[in-house]
Amino acid sequence: MKKINNKTILFEVSWEVGNQLGGIYTVIRSKLPSITKVFGENYCLLGPLINDSISAEFEEIDDSLDFFSKTVKGLRDLGFEVRYGRWLVSGRPKIILINPIAVYNRLDVFKRHLFQDFGIETRDNDDLYDQVIMWSDTLRSFFRIVNQFKGSHTVIAHFHEWMASIPLLDIKKEGLKIKTVFTTHATMLGRYLAMNDPEFYQKLPYYNAEEHARRFGITSMYQIEKLSAQNSDTFTTVSELTANECLYLLGKKPDVITPNGLNLARFSANHEIQVRHENYKKKIQTFAISHFFPSYTFDLSKTLFFFTSGRYEYKNKGFDVTIEALKNLNKLMIEANIDLTIITFFITKSQTWNILPDVLEQKAKLDEIKNTCSAIEQQIAEKLFYKAASTHDHNLPDLNELVDEYWKLRYRRTIINWKSNKWPIIVTHNLVNDVDDQILNGLRFHQLFNSPFDKVKVVYHPDFIVSTNPLFSMDYGQFVRGCHLGIFPSYYEPWGYTPLECIARGVPAVTSDLSGFGRYVMNMEEDFYNSGVYVLKRLEKTHQQLVSDLTKFLFQFVKISQRQRMIMRNKLEDFSENFDWNNLIQFYIDAYEKSMTT
C-alpha cells in the first residue's frame, strides 16, 4: 500500500458521517481502519450535527495546537455550532460536526447564490434539501478558514454525493488551494430512470438527462451532481457499470473507479464459520417453529433458509424475479419429490403499524411451551435422582409417573392452545398499505401462500432485523450467518453490499451482472461460481429467461449435499479477502494522488 506524505491533509465529507441513513455510511465507516493507516492524524471526517444520539460514540478533543482545532475555532468565532472530537468506532478518526440550522437566516441568500453563480435552480418545500443547502453554506466558510491556515500542507477534500458536494463548486470558483475529489455512489437520475423504464440500459446513451430530471422533479439535485462531477479535480464512482451511467447522464466519465470493500476483521470467524452458522441457524429455526408448527410440521434438519434484502425497490432489487423463481422452484421440488423444505425471507423496510398480534402470540405461546417443558424436565430430574439413590431396582422407571398431574394437564393445554387450523401467514407485520404492497401482491399473484403441500415457504418481514427484534432476537449480521443462501438479482445496483456481506460471513449469494459487485466479480480471474457466488446474467435477457436461469440455479443449489454447502462456506472465507479494504483502499489513494497532479 502506498503512503501519503505527512504534509497531506484529507477531509472526507458526507451527509452520512455520524448520521446513518444508507449505504454511504457503511462505505465510510467500514474503511476507516484502512484509511487512517494511510493518513494517520492528518485525516478528518466532516458531517452534519443533526444526530441526537451521536454523543454516545463521540469524544471531544481539546487541543489548541492541532490544525483541525484552529479551523474549528475559526468557525466558532463566526458564530457556528461545531463539535470536534473522535468518532468512537474502528479507526477512531477525528470528526468535525457542524450544525446547519445556525445559518437558517441565510437560506434564501445561499439559494440565490447557487442560482446566480452556478445556475442551480431553486427548490422549495423540501426540508431535507434546505438542511443540505444550509450545511453547505457552513462548509463554504469552513474551507475558507482551512485555506487560510493550511500553510505548506496539501489539503484534499473528498465529497460523497450531491448532498455534500456543493462547497466543491465554491472552492473552484474562489480559487482556494484545496484539491477536490467527488464520488457519486449512484446517480439520482439513473435510479429514477431504472425504476420507471424497463429498457433503461438500452436507452441510456439516448436520454435527454435535463428533461428527465425535470420530469422527476429532481432538477436541483441533478444539476449539483453534474456540476460536481465536471468541476472536481478527480471524479470517481464505485463500478464500471455506474461509470457508464455517469458518462451519459452527467456528461463526464469518472477518472478512477473506487470499488467498495469491507473491514473483514469485523466479519472474521477465525475458522468458526460452521459453528456460528449452526448457532444462528438454531435461532432462525426457533422462529420457524413458532411461525409454522402451529399449523403443520416439517423436518428442520432438512430445511434450508434463503433470504433477500435491500432497499424497497421492487424491480430494481429483483424482488419480482425472486418471487417468480421461487414459485417455479416450488413446482420443481414437488414434481421431483425432493425431501427438503425451503423458507425464504424477504427483509426490507416498508411502512407498518406493528407486528401482527397473531405472530407475536404464537411466539409467546412457544415460549410458554418451552418454560413448561423446562419445569417438567427439572421435576423429572429431581425425582429420578431421588428414586435412583433410594432403590436397588436397576431398571429405568416410567418417566410419566414422575410428572405431577398439574404439569401433565398444563402441558396438554399449552400445546392445544398453540395449535391452529390456519395456514401460516406470509407477512409478519400489519402494513400501512396492504392493498398496494408490491411484494405482498407478488406473493399473492404467484400463490405462495405457505400451503402444507408447498416445499417453498415465504416470510415477508417489512422491517429491519435488529437485536431487539422480538421475533428473531438477533441482529441482521447474525441472521445472515444463519441462512444458507442470499438472493440479490438486482436490475439496478451501482455496487451492492448485500451479496458482499453474505460472502464475508460465509454465505453463498446470488448477484447479477447489472450490479457493480457482480460485474467486478465477473472480471476476476478466480473461480467465483465454485466459491459460492452466482452471477445472474440480466443484460439483454427477457424476463422469462431471467426467471428460468434463476430457477435453475436455485434448483441446483437445493440438490447439492450438506457437505458441499460446508465446503462452499469455507471457500467463501478465502474469496472474501479480495474485498478487504486493506486491498481496495489503494483505489482511493490513486484518486487522491490524481487530484494532487491536476
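Modeller: In this predicted model, helices are DSSP runs of H or I with at least four residues, numbered from the N terminus.

Colleague: Which residue follows α2, and near what value is its phi?

Modeller: The residue that comes after α2 is Gly-40. The phi of Gly-40 is positive, and it lies near 60°.

Colleague: How many of the residues of α2 are buried?

Modeller: The buried residues of α2 are Leu-32, Pro-33, Ser-34, Ile-35, Thr-36, Val-38 and Phe-39, and they pack against β1 (8–13), α1 (23–30), β2 (43–48), β4 (82–87) and α23. The helix is thus mostly covered, with the buried count being 7 of its 8 residues.

Colleague: How many aromatic pairs are there, and why does the pair of Phe-39 and Tyr-592 count as it does?

Modeller: The count comes to 41 aromatic pairs. In the pair of Phe-39 and Tyr-592, the ring centres are 5.8 Å apart and the planes stand at 80°. Because planes over 60 degrees apart fall in that class, this pair is edge-to-face.

Colleague: How many residues apart are Phe-39 and Tyr-592?

Modeller: Phe-39 belongs to helix α2 (residues 32–39), whereas Tyr-592 belongs to helix α23 (residues 581–596). The pair therefore links distant parts of the chain, and its two members are separated by 553 residues.

Colleague: What is the angle between the planes of Trp-495 and Tyr-520?

Modeller: Trp-495 and Tyr-520 form an aromatic pair with a centre-to-centre distance of 5.8 Å. The pair is edge-to-face, and the angle between its planes is 65°.

Colleague: How many residues apart in sequence are the parts that Trp-495 and Tyr-520 tie together?

Modeller: Trp-495 lies in the loop between β15 (485–487) and α18 (497–504), while Tyr-520 is in helix α19 (residues 516–522). The pair therefore ties together parts whose separation in sequence is 25 residues.

Conventions: Residues are numbered from 1 along each chain as its sequence is written. This is a predicted model: local features need pLDDT of at least 70, side-chain atom pairs count only at pLDDT 80 or more; totals for chains, interfaces and linings use all residues. Side-chain values use heavy atoms; hydrogens and water are left out. Rings of Phe, Tyr and Trp (its six-membered ring) pair if their centres lie within 6.5 Å; planes under 30 degrees apart count as stacked, over 60 as edge-to-face and the rest as tilted. Buried means under 20% relative accessible area, exposed over 50%, partly exposed in between (1.4 Å probe, protein chains only). Contact means heavy atoms within 4.5 Å.
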